[in-house]
Amino acid sequence: MLMTALLLIAAQPPLSDRIASLPVIEEMPNPFLFQDGRTVNDSADWPERRTEILDLVLRYEYGKLPPAPGNVRAEDIVENDDHIALRLRMGPGNGFAVRTRVYLPETDDAPHPVVVRFGLDGNRAKQITDRGYAYVCFEHRELDPDTQGYDVPGPAQAAYPDYDWGALAVWAWGASCVLDYLETVPEIDIARSVITGHSRTGKAALLAGALDERFAIVVPNGSGCGGAAAFRGAEDGVETLKLITMEARFKSWLHADLAAFANDVQRLPFDQHFMRALIAPRVVLNTDALGDTWANPPGTQKAWLAAQPVFDFLDVGDRNLCHFREGGHDQLPEDMDVLLDVADWHFRDQPLMSKFSTVPVPI
Ligand code: GCU
């Protein structure tokens with residue numbers, strides 16, 4: 001048995017050769033084209049293609065994740081003035097925990113819709129609860145530390161040695177564990193849940209939303225490379241696949257094999273519009289800034305436009321949303337206002353208040 005496995009490994013050509021045999025796709029890959037050349041003809045074909053897309057992005061970009069632990073439980077619960085602090089314990093043998101905070105609105109119409117965000121950061125809480133939403137944030141780095149230039153396997157990777165997930169996937173898995181817990185909180189309605197994060201955690205938010213269909217609205221903010229921005233066609237001065245996967249930079253966020261495409265982006269069998277396609281027919285909204293050059297605003301626009309045919313095909317053309325404001329790399333109150341406007345529109349049937357007419361490249 002072991003011998004067969006060793007022979008199989010030995011028989012595999014090196015990854016760079018296997019990548020060289022993948023077809024060159026100059027333009028954004030067609031989300032409706034199966035790997036074997038078949039096409040998606042009607043909506044009944046979509047689930048199979050969606051599964052294939054998910055396999056592709058996990059295989060080459062983020063790594064495979066373990067299933068939900070099924071044992072998330074709250075401990076060390078402390079009631080503070082404006083929030084409840086707790087630790088969510090999970091994993092094999094309930095071996096690790098993340099600090100989490102729950103802020104509830106004062107309105108008496110519970111259960112409340114909820115905004116879940118990466119990072120233990122109460123700064124945005126009031127703006128969110130004032131609009132009648134619960135706000136829940138968690139310390140994702142307690143699942144896997146955020147490192148640059150080296151990798152330290154965190155408690156989640158150590159507990160699941162059979163999975164090749166990078167840090168972004170660990171953090172995304174953590175967001176689903178938070179949702180597992182919120183399902184048990186009577187004041188919160190997870191059927192109306194939003195997942196968001198900024199920059200590196202914007203990438204994790206996009207992945208969490210792609211993976212976990214319980215998130216009704218997915219809002220990557222300033223997520224750029226490995227997030228909402230296309231890899232193909234990245235211009236000088238923006239973060240590229242080659243740059244992000246360099247040994248000295250953020251390789252540990254992603255699957256190690258992604259680096260093999262550094263000089264061969266056109267052989268990648270997908271691009272980041274596939275991440276949005278995974279979210280359809282739910283709502284995806286990227287909030288970005290025109291001056292955030294490194295995060296590649298034109299590339300985000302490109303992936304947004306390339307995903308639109310999937311939303312149209314599934315008859316939800318208005319759920320693929322892209323917002324740009326003036327300014328730089330941040331998740332500002334005005335970004336959060338757009339998120340909340342979209343949530344009011346989707347969850348509460350209110351007219352969509354934000355304007356969506358500014359794009360980096362005139363259409
Ligand atoms: C770096 C990195 C980006 C990331 C950003 C952040 O700039 O290159 O990919 O989004 O850090 O998380 O702030």
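In this model, the ligand is surrounded by Ser-199, Arg-200, Lys-203, Glu-239, Ile-244, Arg-249, Phe-250, Trp-253, Trp-294 and His-329, where a residue counts as near a molecule if one of its heavy atoms lies within 4 Å of it. The model is a predicted one, in which local features need a pLDDT of at least 70 and side-chain atom pairs count only at pLDDT 80 or more, while totals for chains, interfaces and linings use all residues. Residues are numbered from 1 along each chain as its sequence is written, and side-chain values use heavy atoms, with hydrogens and water left out.

The shell around the ligand divides into 4 nonpolar, 2 polar and 4 charged residues; in this scheme Ala, Val, Leu, Ile, Met, Phe, Trp, Tyr, Cys and Pro count as nonpolar, Asp, Glu, Lys and Arg as charged, and the others, Gly among them, as polar. An oxygen atom of the ligand lies 2.7 Å from an N or O atom in the side chain of Ser-199, and an oxygen atom of the ligand is 2.8 Å from an N or O atom in the side chain of Lys-203. For His-329, a polar side-chain atom is found 3.5 Å from an oxygen atom of the ligand. On its own the ligand has 320 Å² of accessible area, of which the protein covers 80%; such areas come from the Shrake-Rupley method with a 1.4 Å probe, and for residues only the protein chains shown count as cover.

From the ligand we can turn to the helices. Helices (H or I, at least four residues) and strands (E, at least two) are DSSP runs, numbered from the N terminus, and a residue is called buried under 20% relative accessible area, exposed over 50% and partly exposed in between, again with a 1.4 Å probe and protein chains only. In helix H3 (residues 46-62), 12 of the 17 residues are buried, so this helix is largely enclosed by the rest of the structure. Among its buried residues are Trp-46, Arg-49, Arg-50 and Glu-52. What covers the buried residues of H3 includes helix H6 (167-182), helix H7 (200-211), helix H9 (273-279) and helix H10 (297-313). Just after H3 comes Gly-63, which takes a positive phi of about 90 degrees.

Helix H6, one of those covering H3, is itself largely enclosed by the rest of the structure, because 16 of its 16 residues are buried. From its first C-alpha to its last, H6 reaches 23 Å with its 16 residues, close to the 22 Å expected at 1.5 Å a residue, the expected span being 1.5 Å times one less than the number of residues.

Glu-139 lies in the loop between strand S5 (134-138) and helix H5 (155-159), and at 7% relative accessibility Glu-139 counts as buried. The side chains of Glu-139 and Arg-141 are joined by a polar contact of 3.0 Å, a term for a pair of N or O atoms within 3.5 Å; within protein, one must be able to donate a hydrogen and the other to accept it, and residues adjacent in sequence count only if both atoms are side-chain atoms.

Asp-189, in strand S6 (residues 188-198), is buried with a relative accessible area of 19%. A polar atom of the Asp-189 side chain lies 3.1 Å from the backbone nitrogen of Ala-191. Not counting residues up to four places away in sequence, Asp-189 touches Pro-111, His-112, Pro-113 and Val-114, contact here meaning heavy atoms within 4.5 Å. Pro-111 has its place in the loop between strand S3 (96-103) and strand S4 (112-118), and the peptide bond that joins Ala-110 and Pro-111 is cis, with omega about 5 degrees.

A cis bond also runs from Ala-280 to Pro-281, with omega near 5 degrees, and Pro-281 sits in the loop between H9 and strand S8 (283-289). Most residues other than glycine have a negative phi, and most peptide bonds are trans. Asp-76, in strand S1 (residues 73-79), has a positive phi near 50 degrees, and at 49% relative accessibility Asp-76 counts as partly exposed. Asp-315, in the loop between H10 and strand S9 (320-325), has a positive phi near 70 degrees, and this residue counts as exposed at 70% relative accessibility.
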